[in-house]
Amino acid sequence: QVQLVESGGGLVQAGGSLSLSCAASGRTFSSYAMGWFRQALGKEREFVAAINWSGGTTYYADSVKGRFTISRNIPKNTLYLQMNSLKPEDTAVYYCAAHNSDEITTAQAMDPLSYYNWGQGTQVTVSS
């Protein structure tokens with residue numbers, strides 16, 4: 001089991017930046033891939049970004065490509081999501097998740113059902 005705790009959400013104006021963190025514990029941090037998902041009010045949870053065990057392979061949703069950057073610091077057991085050029089449509093609760101495998105395909109990265117541990121979420125609100 002992995003315990004995940006997100007932080008860093010908040011209110012920001014359109015065009016601004018936020019950095020989310022996800023602290024992990026309970027399992028060797030370098031043994032599993034991780035992802036970020038988001039869920040806006042009244043909508044389904046959607047894929048944002050994912051990263052393999054080493055950080056050498058990343059995946060992004062088209063809607064955030066070029067604006068968001070996912071990374072991980074293995075010694076600190078922490079996953080990050082740097083969000084730049086934020087838009088009102090980025091408003092959502094953001095969740096980090098741990099995958100069963102250390103290496104994942106694009107399809108696995110984007111499928112929330114393939115992740116087995118989730119954090120509690122952190123709210124990101126982008127005002128226009």
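This briefing walks through the core, the disulfide, the aromatic rings and one loop glycine of the structure above. The model is predicted, so to speak of local features requires pLDDT of at least 70 and side-chain atom pairs count only at pLDDT 80 or more, while totals for chains, interfaces and linings use all residues. Residues are numbered from 1 along each chain as its sequence is written, and side-chain values use heavy atoms, with hydrogens and water left out.

- Buried here means under 20% relative accessible area, with exposed over 50% and partly exposed in between (1.4 Å probe, protein chains only).
- Setting aside neighbours within four places in sequence, Y94 is in contact (heavy atoms within 4.5 Å) with residues including W36, L81 and M83.

**Disulfide**
- There is one disulfide (cysteine sulfur atoms within 2.5 Å) in the structure.
- C22 is joined to C96, with an S to S distance of 2.0 Å.
- C22 sits in strand 3 and C96 in strand 9, 74 residues apart, so to say the pair links distant parts of the chain.
- The S-S torsion of C22 and C96 is about 55°, so this disulfide is right-handed.
- Both cysteines, C22 and C96, are buried.

**Aromatic rings and charges**
- Six aromatic pairs are present; rings of Phe, Tyr and Trp (its six-membered ring) pair if their centres lie within 6.5 Å, with planes under 30 degrees apart counted as stacked, over 60 as edge-to-face and the rest as tilted.
- One of them is F29 with Y32, edge-to-face at 5.9 Å centre to centre and 90° between the planes.
- F29 counts as buried because its relative accessibility is 3%, and Y32 because its value is 0%.
- F37, F47, Y95, Y115 and W118 are linked into a cluster by ring pairs.
- The charged end of R45 sits over the ring of Y95, 3.9 Å from its centre; the criterion is NZ of Lys or CZ of Arg within 6 Å of the ring centre and within 35 degrees of the ring normal.
- R72 lies over the face of F29, 4.3 Å from the ring centre.

**Loop glycine**
- G119 lies in the loop between strand 10 (115-118) and strand 11.
- With a relative accessible area of 12%, G119 is buried.
- Beyond neighbours within four places in sequence, G119 is in contact with L4, E6, Y95 and C96.

Terms used
Helix = DSSP H or I, 4+ residues; strand = E, 2+ residues; numbered from the N terminus.
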